Amino acid sequence: METPANRSRISLNPLRPLLRNPVALKELRGRMRGPRAFVVLTCYLIVVGGFTTLLYIAGTAATYNTTGEVDGGTLGRVLFGSVVAIELFLVTFITPAFTAGSISGEHESQTYDLLRTTLLPERQLVFGKLFSALAYVFLLLLAAIPLQSIAFLFGGVDVEEIVISLLVLLATAIFLGNIGVYYSAMTHRTLRANIMTYVTILAVILVTTAGAVIALAIVEGLDPSTSSSGSEWVLLVARGIFVCLNPLTTLLSTQQYLVNQQTLFTFKYTFTDGTTTTLPSPWIAFTIFYLLLSVAVFFATTRHLKRIEG
Amino acid sequence: MSIDNPEIMETPTGEAVAEAPSLTEVLPELPTVMDEQDLIIETRNLSKRYGRLQAISNLNLQVPRGAIYGFVGPNGAGKTSTMRILTTLMKPSGGEAYISGYSVVTAPREVRRSIGYMPDFFGVYEDMKVWEYLDFFAACYEIPEAQRPGLINDLLELVDLAHRRDDMVDKLSRGMKQRLCLARTLAHDPQVLILDEPASGLDPRARIEIRELLIELAKMGKTIFFSSHILADVNEICTHIGIIEAGQMVAQGPIKTMRQQLMPHRVLVITLLGRLDEAKEALLHVEGILGIVDLPPEDGKIRIKVEFTGEDLRMSEMLQALTSKGIPVVNFAEESSDLEAVFMKATKGIVS
């Protein structure tokens, strides 16, 4: 049995310093207590596993090649891509649900004022809430790695792709978590914080997808005889921005460059006039951008909480 | 301590206190404030305005170190606003507020270190165990992990919840939750406790338990600043009171001084078996009597209320005047000028 005495023993757990954060410790204790955490994890794995099975059945039927054999590489990539897409979808919905109630919930349980009169720094409050929510999301992502790895049985997928997909998913979760905590700090109602978080996420998804599609359509419609490389640069960067703001398009184009050009960190772009240029792969831009944005949102949240009611 | 009928405590008339003397017995043990000038909480012309509403205006609060200070006033008088400013949760619109010499505006961290705050709601996490709740707040007060288990046990012992250490917080009764909250405010051993309506919503037994706990804490050297609209609570445990109405302090000081200032005359209730007119006639010859009022009879016995000024000697003279004539006196007792009267006199009912 856990007693306070043996809890204070020196531990080799690398997460130990993080658990010094009282909020993180309290939230994790609360989250992992009772059946809820295990039910959510089980449901998540059933959903991801169920879809993978369906895709496997559908995929084996659809990927027979001309010699009548299953094209393992294609099937592997389809399965892998689908699992990542489902994970992305679930992370997008689960992360806000875990974070949008974090600060507003303290108002609702009337404990916010108590926390504010303690010596707990605002940044520790925000970090503790974020860490505990994200730790659980990370657990979900890690738990699905075996499902992603089924693709290895068929080939066509490398370990690098799994690492990159995990990085993009983590960056997505970190950003969404920060957005959730931000709105949770801005409003005292969890419901309102949830709505605001989901609306923001939906707006980001719609705008970036639409932008990427439009920019792509314009690029493909370019007439090599009339376009200058200058205007093509503008379009390229514009499309790049939209692609790199959306995790789904980021993953798709990263995989496309990986398959077509066999490069992980960069890709070559050929202009309509025949010249080429080398650019960083979308996942790098995506991860850096959203991690920086997350840091900015984190500080905005902390700043807001530091304000004393006037 | 056993109190068979705690409700009696709510009406501190002479008779009721005589029947349930337990709390008044505790009173003489109350710590005496050593230095009235050594202020641990002080506000100077404190003001708070919400839009057009002036919640607090030019409030000068003076709480000496070691006092049990009852902050009394009708609902909406500005008690909670004052407390939120003192606990650094809200900025004042004007004036200054100091706790242990630290300004609540410029040194909020030092102020937070010296205060324990209990709002007028529980503020408990339902999905936690009792010891986890205290452990969490102790950690928030930067108490090292190694010291916390011992501290938690001590705190639970103090508020008599040691046997509920591993229970979930939401299984506790209201009174137990309130005691747990009080234990929380003590986690970092603050000098000052700021308690907003600590007894509201509790049943009589729980209310008495909280009162006893406050007296215990005062003996430990804590200054206790609490708000209440229940005058009986204030009357029984406070060394000092401040009466606030419509955002202004109408009266403030040691409770004894307040009683004397606001209720300079004393009241005596005499119960007789008969010969009322003779009794009145006899009493009128005693010096210092201001008036005699007939009270409704109780169990067929005649009762009169005598208002007088002066020392105890006057009472002795009155009793002698009655007995020397052979008037059948069955009860002769001074009615302690209860705070309700002081309060009514001080506030004049501007708000309520």
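How many bridges join β7(B) to strand β8 of chain B, and do these strands run parallel or antiparallel? Four bridges, and the two run parallel, with β8 covering residues 192–196. Strands here are DSSP runs of E, at least two residues, and helices are runs of H or I, at least four, numbered from the N terminus.

Quick housekeeping. This is a predicted model, where local features need pLDDT of at least 70 and side-chain atom pairs count only at pLDDT 80 or more, while totals for chains, interfaces and linings use all residues. Residues are numbered from 1 along each chain as its sequence is written, chains are lettered from A and ligands numbered from 1 in the order in which they are written, and side-chain values use heavy atoms, with hydrogens and water left out.

Okay, back to that sheet. It's open, with six strands in the order β7-β8-β9-β4-β10-β11 (chain B) and mixed pairing; to pair, two strands need at least two DSSP bridges between them. β7 (115–118) and β11 (248–254) of chain B are at the edges with a single partner strand each, so one side of each has no neighbour in the sheet. The twist averages 15° from one strand to the next; axes are lines fitted to C-alpha atoms, for helices over the stretch in contact, and angles run from 0 to 180 degrees between N-to-C directions.

Two helices to point out here. Helix α3 (residues 79–86) of chain B lies across β4, β7, β8, β9 and β10 of chain B, at about 150° to β9(B). Helix α8 (residues 204–219) of chain B also packs on the sheet, touching β4, β8 and β9 of chain B; contact means heavy atoms within 4.5 Å.

Now look at Ser114(B), in helix α4 (residues 108–114) of chain B. Ser114(B) is buried, at 6% relative accessible area; buried is under 20%, exposed over 50%, partly exposed in between, with a 1.4 Å probe and protein chains only. Leaving out residues up to four places away in sequence, its contacts include Tyr102(B), Pro190(B) and Val192(B).

The other sheet is open too: four strands, β13-β14-β12-β15 (chain B), with antiparallel pairing. The twist averages 20° from one strand to the next. Seven bridges join β12 (residues 266–272) to β14 (residues 301–308) of chain B, and Val267(B) has Glu307(B) as its bridge partner.

Cys140(B) is buried at 1%, while Cys43(A) is partly exposed at 42%.
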